[in-house]
Structures are given as structure tokens and as C-alpha cells.
Amino acid sequence: MFNINDISSLYLIRKDSLTRFLFYSGMTIAYFGSLNPWFMWALSSYYIIISTMFVTMAMFVSSTMQKPLFTRTDFIVPTVGYLLLVTYQALTHNDNINSYIINVFNTTIFLSLFRINKKVGLELSTFISKIMAILLVVSIFGYFQYLMGINLPNTNVSFRDDLYSYTNYYFFLLDDRSLFTLIPRFHAVFLEPGQMGTATVFLLLTQYGKWREWYNMVLLAATLMSFSLAAYVMLVFVIFLNLWVQGKHIARQVILAVSAIAIIITGAFVYNGGDNLLHDLILLRLEVEDGDIVGNNRTREDFSAEFERFISSSDVVFGKTYDEGFGNAGYKVFIYQNGIVGTMLLIIFYFVTTRNATYKRAVISGIILAFLNFIVRGFPLWFCFFIPIYSMFLTEAPTTKKMNV
């Protein structure tokens, strides 16, 4: 028998699904756009507009629902905090009008992220993790075909005026600097192994208690294949942070982890006389020379010297124009460009995004990983880093079992 209530329920379900689809699509475009995979290079100046269109449509459809998905009322303060930060950056960097327009689009995306209800916001990171894993599975398959000597179609490509130069095998990129390497580092379709490895580690942070799921195992495998020192260090932190977030005793896990790491390090020194990727790309970079770790190479010597002069000058307050050069990254570049004022605005922004968080362990875990990444990359507003961190800020405390202290 025809029932008008059935039609009404179906209509509401479709609106709910449409809103989720639009929101997830927009945020996924923003996430991958910030990682610059080769298939989005042509959209590098436009992906933020496409993303904004999707999230704006999601908010519009949601507003017509009886039970909207954009229900949070605490979005104003973090949105204003973000807008103040990016406006300050545009002013001090002497950006043109295009930067201000792009900031409007970026602010809209952040606003939608701050307004979405917690349940959908938490599910976003899992959705992106699955999309990333699917992409990586295909990429890993092609990469192993290459290692087996199979002749794959390819073409030469470059990014940002030859700043990056690659052989593009379509399923994965090979940095031209590694063409004569027996086993080149894996970075899928992204610009750098460290960039990909850091992104997968951030996603793994949000997947505590679910690492046995197929997609998280793929993320873990890709992280290990990156041979990125930064990603490896962050992964060790994430392993223990995830246990801590779940409220588990970690003493036994610490002993097991230390034992496993000791065995792996010993094996790396012994295997093939030490001539292997783990030894050359990770362990050698942990050696100390002249009082500094070899792997601490985020800035060139000329910029490091300039930074020392900068922090002793009046420019340190508001920052100084930075003529971007290859080989410089990390917190020093951010502070140089934005000064003390910009750095304080960044800290305030992160603080206000956590002010209504309910689970301190998850918040602290997110802040720790964001801080580690800021040291080596200095891009705290990139969507590929902020979305997983914000997911941790939304996390609720476990209620099904007693927390172990």
C-alpha cells in the first residue's frame, strides 16, 4: 500500500547521502590537491575552486534537511582565527589580489570542516584513507613491475619550471635524480618520498585500533617503502601515541618495539655489508657530524646563516620576504616568512580549534605530530596535514572499557 511517509524517508536519506558525497568529494579534492599528485598538476591553481564548489553545495543541501549535517555552532572562532592568519600572511608577503581571492576559497573549506558534525568529520579521515590506499595499491603494483624489469610506458615530465623532474610511469613517478639507483625510493604519484610518507603517517594516526584493516596495511607498507627519515621518526611516535589514545599499557609494547628496532638496525648493518637502502638512507643520516645530525638537512647553509642574522634583527617581529629556493623547508622558513606575530597567530589558530575538544589524549597526539611535521616541513595549513589532525581533535574518549593509565 502506498505510504507517503516512505517516500519522505527515502527523500531524506537521499539528501543525507548527497550531502555526504558532496562534502567528502570536496575535502578529498582539497586533500590530494595539497599533495600535488601528477594527475592534478594541471589543476594546481584551480583545485581549490572545485573543492569549494563541492563543500558549498554540501552546506546548501544540508540547510534544506530536517536534520542538517552542518550542525556545529563553535565554528566561528576557528574560522576567524584561520582568516586572520592567512590575511596576515598575504599582507606581510605583499601578495597580489589573487592570493586574497584564494584565501576566500580556502576559508570556505575550513569553515565547512569546522561546521560538519563530529561523526561525519571523523569518518572523513577513514574515507580519505581508503581512497589513498586504493591509489597506492595500483601504484605499488606498477612499481614492482618496474623493479622486475618489465618495460612500462613512460614519459618525461617536470613540475614548477623544472624544479622537479621525473620519469612518469603513470602509476608512479621516478625522480630523475634516482635513475641510476638500483632500487629507487617509492613515492607513488606524489612529488617526494618524504611528502608521501608523511601524509600516510598522518592518516595512520587517525586509524588507531584499526591498523589490521587492509587499507591501513597498505598505508603502512607505503610509509616503509618511502625510506623517509622524517616519516620513519613520525611513525614511531604514532605507534605509541595510538596505543596511548586507546588507553593501553605501553610498557610491554615499548620493550617489544625497542627489541624489534634493535634487530632491524643490526640487520641493516650486517646485510650485504651495510650496502642497503635502510642503512644508506636512514641510519647514516642519524650519525652526528660536527655536533649536528647528518639528516638535519632541511635548509641550505646560506639560508641557515641568513636565518641566524634574521632572528637577531627587527625583522623577526613581522617576518621577511623569502626568495624561495630549492632545498629549504621546515619551521625556519615559516618563521622567516611570518615572524613572531605570524607564528603566534598559527599557535592561536591551533589552540582555538581544540577549545571544545573532549578527549585530551587525542588532542595531545595530534599536536605532537603537527609539531614534528612543522619542524621538518613548515606547512601547517596544508589540507593533507590539517584534516587528519583536526580529526583527532574531534575524537571522543573511549567509553566501552576502563582506561588504563
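Author: Let's settle what a pair is first: rings of Phe, Tyr and Trp (its six-membered ring) pair if their centres lie within 6.5 Å, and planes under 30 degrees apart count as stacked, over 60 as edge-to-face and the rest as tilted. This is a predicted model, where local features need pLDDT of at least 70 and side-chain atom pairs 80 or more, while totals for chains, interfaces and linings use all residues. Numbering starts from 1 along each chain as its sequence is written, and side-chain values use heavy atoms, leaving out hydrogens and water.

By that rule, the structure holds 39 aromatic pairs. Start with Phe 110 and Phe 386, a tilted pair with 5.2 Å from centre to centre and 55° between the planes. Phe 110 belongs to helix α4 (residues 97–115) and Phe 386 to helix α14 (residues 383–394), so this pair ties together parts 276 residues apart in sequence. For the cut-offs, buried means under 20%, exposed over 50% and partly exposed in between, with a 1.4 Å probe and protein chains only.

Now look at Phe 310 and Tyr 336, another tilted pair, with centres 4.7 Å apart and planes at 45°. Phe 310 sits in helix α11 (residues 301–310) and Tyr 336 in helix α12 (residues 331–353), which makes this a link between distant parts of the chain, 26 residues apart. Phe 310 is buried, with 2% relative accessible area, and Tyr 336 is buried too, with 5%.

Back to Phe 110 and Phe 386 for a moment: ring pairs join both of them into a cluster with Tyr 82, Phe 114, Phe 349, Tyr 350, Phe 383, Tyr 390 and Phe 393.

On to the strands. Three of them make an open sheet in the order β1-β2-β3, with antiparallel pairing; two strands pair if DSSP finds at least two bridges between them. The edges are β1 (155–159) and β3 (173–175), each with a single partner strand, so one side of each has no neighbour in the sheet. Between β2 (residues 164–168) and β3 the antiparallel pairing runs over three bridges.

Then the charges. The whole structure has eight salt bridges, meaning a side-chain nitrogen of Lys or Arg within 4 Å of a carboxyl oxygen of Asp or Glu. One of them joins Asp 16 to Arg 20, with the closest N and O atoms 2.9 Å apart. Both lie in helix α1 (residues 4–35), four residues apart, or about one turn of the helix. Asp 16 is partly exposed, at 22%. Helix α5 (residues 118–147) carries Lys 119 and Glu 123, again four residues and about one turn apart, and their closest N and O atoms are at 2.6 Å. Glu 123 is partly exposed at 29%, whereas Lys 119 is exposed at 52%. Asp 16, Arg 20, Lys 119 and Glu 123 are all linked in a network of salt bridges.

Finally, Arg 72 and Asp 74 meet in a salt bridge of 2.7 Å, N to O. Arg 72 is buried at 13%, and Asp 74 counts as buried at 17%.

How values were computed. Helices (H or I, at least four residues) and strands (E, at least two) are DSSP runs, numbered from the N terminus.
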